[in-house]
Amino acid sequence: QNETHNLNARGNSFAKGGPRRPSGRRLNLSRELHAPRPRTVISAGGIIFRRQQTGLEIFFIKDPFNRYTFPKGKQELGETLVQTSIREIREETGLQDLRFIAPIGRTSFRFRREGITYEKVVYFFLFEAPENAKEKLTGSGAIWEGAWVKAHQAFAMSSYRNLDRLLSKALRYIAEEERQHRRKPPTFYMR
């Protein structure tokens with residue numbers, strides 16, 4: 001008896017119950033193919049560090065879900081992503097005089113609100129705060145708590161695993177910047 005197999009793009013057989021997700025659960029193709037596309041929300045935020053006598057510190061906020069993360073928020077019309085991140089950092093933390101260092105990357109996640117599916121794409125940037133930077137949490141975005149954390153404790157503080165890759169990249173960038181700074185020969189000024 002000849003058995004016919006329908007193959008998907010990866011060469012997996014659809015025989016015996018139809019296509020499956022990597023988890024092994026069956027796909028409901030009619031629902032998957034006809035589901036409305038999620039609405040995209042663009043946000044930007046910052047990973048902020050400061051240099052202290054005792055070492056490098058990273059700033060975290062406690063979000064409305066009682067989890068530690070980095071300040072971020074929705075992009076407003078006419079803003080660049082860097083402008084959005086600076087505005088959101090100021091609104092949520094009160095931190096001023098930040099020095100833009102570099103783009104770090106992006107992350108995304110989906111959520112549902114009032115029956116609508118959204119995909120939130122968040123672009124993160126690295127900023128350096130002055131050594132004496134003090135946060136002034138105003139409750140904007142329901143952010144009432146923040147903390148400066150030693151760099152070696154940052155991964156333990158971070159509540160969202162999807163941010164670990166970005167935090168790791170930020171710490172590598174800071175370390176490379178410090179190596180570059182140490183390699184520069186002293187500057188002599190002539191009179």
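Colleague: With which residue does Glu177 form a salt bridge, and how far apart are the closest N and O atoms?

Modeller: This is a predicted model, in which local features need pLDDT of at least 70 and side-chain atom pairs count only at pLDDT 80 or more, while totals for chains, interfaces and linings use all residues. Residues are numbered from 1 along each chain as its sequence is written, and side-chain values use heavy atoms, with hydrogens and water left out. A salt bridge is a side-chain nitrogen of Lys or Arg within 4 Å of a carboxyl oxygen of Asp or Glu, and helices (H or I, at least four residues) and strands (E, at least two) are DSSP runs numbered from the N terminus. Here Glu177 pairs with Arg51, the closest N and O atoms being 2.9 Å apart. Since Glu177 lies in helix H4 and Arg51 in strand E1, the pair ties together parts that are 126 residues apart in sequence.

Colleague: Which other residues form a salt bridge with Arg51?

Modeller: Glu128 does, with its closest N and O atoms 2.8 Å apart from those of the partner, and this pair links strand E6 to strand E1 across 77 residues. Glu178 also pairs with Arg51, at 2.4 Å between the closest N and O atoms, and it connects helix H4 with strand E1, 127 residues apart. Through shared partners, salt bridges join Arg51, Arg99, Glu128, Glu177 and Glu178 into one network; the structure holds 15 salt bridges.

Colleague: Does Glu128 count as buried or exposed?

Modeller: Buried means under 20% relative accessible area, exposed over 50%, and partly exposed in between (1.4 Å probe, protein chains only). Glu128, at 13% relative accessibility, therefore counts as buried, whereas Arg51, at 26%, counts as partly exposed. Glu177, at 22%, counts as partly exposed, and so does Glu178, at 27%.

Colleague: How many residues does the largest nonpolar core have, and which of them have the most contacts inside it?

Modeller: Such a core is a set of buried Ala, Val, Leu, Ile, Met, Phe, Trp, Tyr and Cys residues joined through side-chain atoms within 4.5 Å, and contact means heavy atoms within 4.5 Å. The largest nonpolar core has 23 residues, and those with the most contacts inside it are Ile47, Ile58, Phe70, Phe124 and Leu126. Helix H4 gives the most to this core, with five residues. A second, separate core of twelve residues includes Phe59, Phe125, Phe127 and Trp148.

Colleague: What is the volume of the largest pocket?

Modeller: On a 1 Å grid over the protein atoms alone, a pocket is an open set of points where a 1.4 Å probe fits, with protein on both sides within 12 Å along at least five of seven lines, and lining residues have an atom within 4 Å of a point. Points are joined across faces, edges and corners, and a volume is the space filled by probe spheres set on them. The largest pocket has a volume of about 690 Å³. Of its 26 lining residues, the closest to the centre are Phe65, Lys72, Phe109, Arg113 and Lys120. Strands E4 (72–74), E5 (99–113) and E6 (116–128) each give two or more residues to this lining, and E5 gives the most, with five residues.
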